[in-house]
Amino acid sequence: MTKHKTKLFAAACAGALLLAGCGKKDETLKLFSWSEYVPQAVIDKFTEETGIKVAVENYSSNEEMLAKLLAGGGAYDLIQPSEYTVQAMIKEDLLQELDQEKIPNLKNLAPEFRNMPFDPDNKFSVPWMAGFVGVVYNAEVVPGPIVSYKDVFTDEHAGRIVVLDDAREIVTWGLATAGIPINDVSDENLATITPLLKDWLGKVKVFDSDSPKTAMSNGDTDIGIVWSGEGALLFAENPKFQWVMPVEGVHMFVDNLAIPKTSRNKDKAEAFINFILRPDISKMISDEFPYYNPNLEARALLSPEQLNNPASYPPGFDLTSAQLFTDIGEQASKVDELITTIKVQ
Amino acid sequence: MAVTAATAVLPTGPSLQRRAGLGPWFAVTPMLGWLALFVIVPTLMLVVVSFCERDALGRIVYSFTFENYTRAFDWKWLKILGVSVWYAFLTTVICLVLGYPVAYFIGRSSERVRGLLIMLVMIPFWTSFLIRTYAWISILSQEGLLNALLMTLKITSAPIGFMYTPFAVILGLVYNFLPFMILPIYTSVEKLDGSLIEAAYDLGARPARVFSRVVLPLTQPGIAAGILLVFVPAIAMFAITNLMGGGANPTIGEVIQNQFTRARNQPFGAALGVLLLAIFIFSLWLSSKFRRGHEA
């Protein structure tokens with residue numbers, strides 16, 4: 001009987017502690033980020049310098065992040081939305097305004113990455129990394145020249161193609177090829193490009209957004225449309241993997257750090273944003289994930305090899321010609337249904 | 001022995017019957033609480049959400065609609081469901097054919113060997129199934145281990161594309177679900193009374209007849225459990241089918257996952273989930289009927 005009581009007492013104490021823990025303000029910074037995007041070394045260094053612990057949770061699409069954030073599952077302090085998601089979240093009043101005085105390192109950003117159309121004056125967001133979607137091919141097998149999206153989907157390449165498993169991206173290549181603005185995803189425009197996409201997707205071997213480079217480096221595919229960071233890693237592994245910016249027009253994405261309204265650790269989140277804008281820290285990110293670094297001061301620290309990687313920093317490419325996504329709202333579901341329909345035909 | 005027990009008169013009467021007090025109820029409360037919290041409540045939420053609408057950001061709007069269900073009964077989703085059921089069926093059949101002899105062999109081995117063999121079956125569970133699936137990718141890819149072996153042995157001159165095919169999907173599913181077929185059948189085989197088999201032989205039955213009339217009926221509960229444990233999760237599996245199949249022929253699990261993570265359409269995903277649940281309940285009912293039919 002006594003033993004029983006002791007156990008009960010212990011359980012009650014544990015419960016009380018748990019409740020007490022809930023009431024206390026959380027000291028940990030909760031970062032909700034893309035998988036394969038934030039080097040562990042950067043997080044460790046931040047904790048070492050500031051004493052602030054960081055808990056990381058990952059997602060693999062903007063929609064997944066939105067769904068979890070809006071469901072109120074975790075009280076995230078810092079999220080990493082892409083440009084069109086920042087736009088939608090500002091509109092829905094889901095982000096906190098940044099105190100720019102606490103982020104002096106903003107000055108390190110290249111002028112073209114400050115004041116971007118989705119968030120004028122960087123009121124709510126700060127660019128993390130940018131990148132493109134382009135063509136990568138194995139020059140040992142594919143003779144080339146490859147210049148456009150439609151050069152990918154030829155009969156010779158049928159069954160040897162990898163593309164991103166992302167309905168919005170796939171639709172974008174079709175729209176660009178048809179000469180339609182990439183954000184104009186009306187029902188009519190989707191209908192216009194459907195025959196083209198049917199022809200294209202029938203030739204695709206692998207759909208993979210998480211790691212399309214795997215199918216390329218394993219030799220299962222010879223050509224593909226992938227994220228520039230993946231293309232850069234392939235090129236660094238072996239220069240036979242050539243990178244092409246399609247002539248029809250290139251889609252650029254800008255991933256950002258932002259603080260959701262629900263965060264109660266705004267100070268710490270701003271400290272983290274300022275930290276990653278430091279040139280030496282930003283360089284650490286580029287070392288591991290070779291996307292386009294918007295941080296001018298950090299780019300000065302990169303090796304010639306990194307800067308000459310054609311997928312990371314496409315030579316002679318005019319950044320202002322790249323097109324950004326805008327939020328398409330409920331059409332996202334239609335776009336997804338179209339691609340799924342074509343896949344199962 | 002058995003005869004004596006059956007003919008003995010069991011003392012029955014009100015004096016010997018015990019009323020269940022509060023004790024047993026108290027004992028099952030944690031289990032009932034668990035079921036309510038993690039099975040009943042989520043299922044009800046799924047059903048409620050499947051009749052809801054959503055806004056531009058994908059938030060659930062609590063206004064009643066049938067639209068998700070009318071959309072779900074379109075040929076393309078049904079076709080995807082059909083392919084998923086077909087994959088699950090093939091996986092179940094192959095697991096049964098491969099797993100039964102293994103389970104039988106293990107179950108009839110000596111006690112010492114049995115423990116060792118069962119441990120060998122269980123060892124893969126020590127590693128996440130995702131990691132084991134990635135291992136298969138490095139074995140099956142064009143520049144992978146299997147192609148290197150085949151080319152060294154001069155069996156093929158050019159690498160074979162094993163990956164990203166229905167073959168790879170089925171292989172991944174069978175590999176992952178095989179232990180779930182072996183273990184329940186093994187439990188049935190272990191309980192099998194050897195003297196019954198001996199008796200069948202003594203009465204002049206041949207091996208095939210002993211198997212079909214004695215062994216098979218007695219291990220039927222294990223087979224039914226194994227089929228259920230493989231078939232049901234195999235229909236909804238999305239990680240293995242996506243990694244091994246390359247996403248060109250999505251399964252219903254992949255489509256449902258997409259509704260939650262990309263298409264901003266949780267209500268539609270929930271509606272497809274409810275349909276899947278209906279299929280599961282139907283297979284459970286079928287399997288329990290199959291078992292009861294056997295016992296009767």
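## The interface between the chains

In this predicted model, the contact, meaning heavy atoms within 4.5 Å, takes 34 residues from chain B and 35 residues from chain A. The area buried between chain B and chain A, that is, the accessible area (1.4 Å probe) that the two parts lose on being put together, summed over both, is about 3,100 Å², and carbon and sulfur atoms give 49% of this area. In chain B, the residues that lose the most area to chain A are B:Tyr164, B:Arg262 and B:Arg264, which together make up 23% of what that side buries.

Side chains of opposite charge can pair when their charged atoms come close. Across the interface of chain B and chain A there are five salt bridges, a salt bridge being a side-chain nitrogen of Lys or Arg within 4 Å of a carboxyl oxygen of Asp or Glu. A:Glu92 forms a salt bridge with B:Arg59, and the closest N and O atoms of this pair are 2.5 Å apart.

## A salt bridge within chain A

Over all chains, the count comes to 25 salt bridges. A:Asp222 forms a salt bridge with A:Arg160, with the closest N and O atoms 2.9 Å apart. This pair links distant parts of the chain, 62 residues apart: A:Asp222 is in the loop between helix H8 (213–217) and strand E7 (223–227) of chain A, whereas A:Arg160 is in the loop between helix H5 (149–152) and strand E5 (161–163) of chain A. Helices (H or I, at least four residues) and strands (E, at least two) are DSSP runs, numbered from the N terminus.

Helix H6 (residues 167–177) and helix H14 (residues 331–344), both of chain A, pack at an angle of about 80 degrees with their axes 9 Å apart, where axes are lines fitted to C-alpha atoms, for helices over the stretch in contact, and angles run from 0 to 180 degrees between N-to-C directions. That makes H6(A) roughly perpendicular to H14(A), a label given to angles of 65 to 115 degrees. In H6(A), the residues A:Ala167, A:Arg168, A:Ile170 and A:Val171 meet A:Val335, A:Asp336, A:Leu338 and A:Ile339 in H14(A).

## Positive phi in a loop

Most residues other than glycine have a negative phi. A:Asp93, however, has a positive phi near 60 degrees, and A:Asn115 has a positive phi of about 65 degrees. A:Asp93 is found in the loop between helix H4 (83–91) and strand E4 (125–138) of chain A, and A:Asn115 lies in the loop between H4 and E4 of chain A.

## Notes on the model

Residues are numbered from 1 along each chain as its sequence is written, with chains lettered from A and ligands numbered from 1 in the order in which they are written. Local features need pLDDT of at least 70, side-chain atom pairs count only at pLDDT 80 or more, and totals for chains, interfaces and linings use all residues, while side-chain values use heavy atoms, with hydrogens and water left out.

Conventions. Angles under 35 degrees count as roughly parallel, over 145 as roughly antiparallel, 65 to 115 as roughly perpendicular and the rest as oblique.
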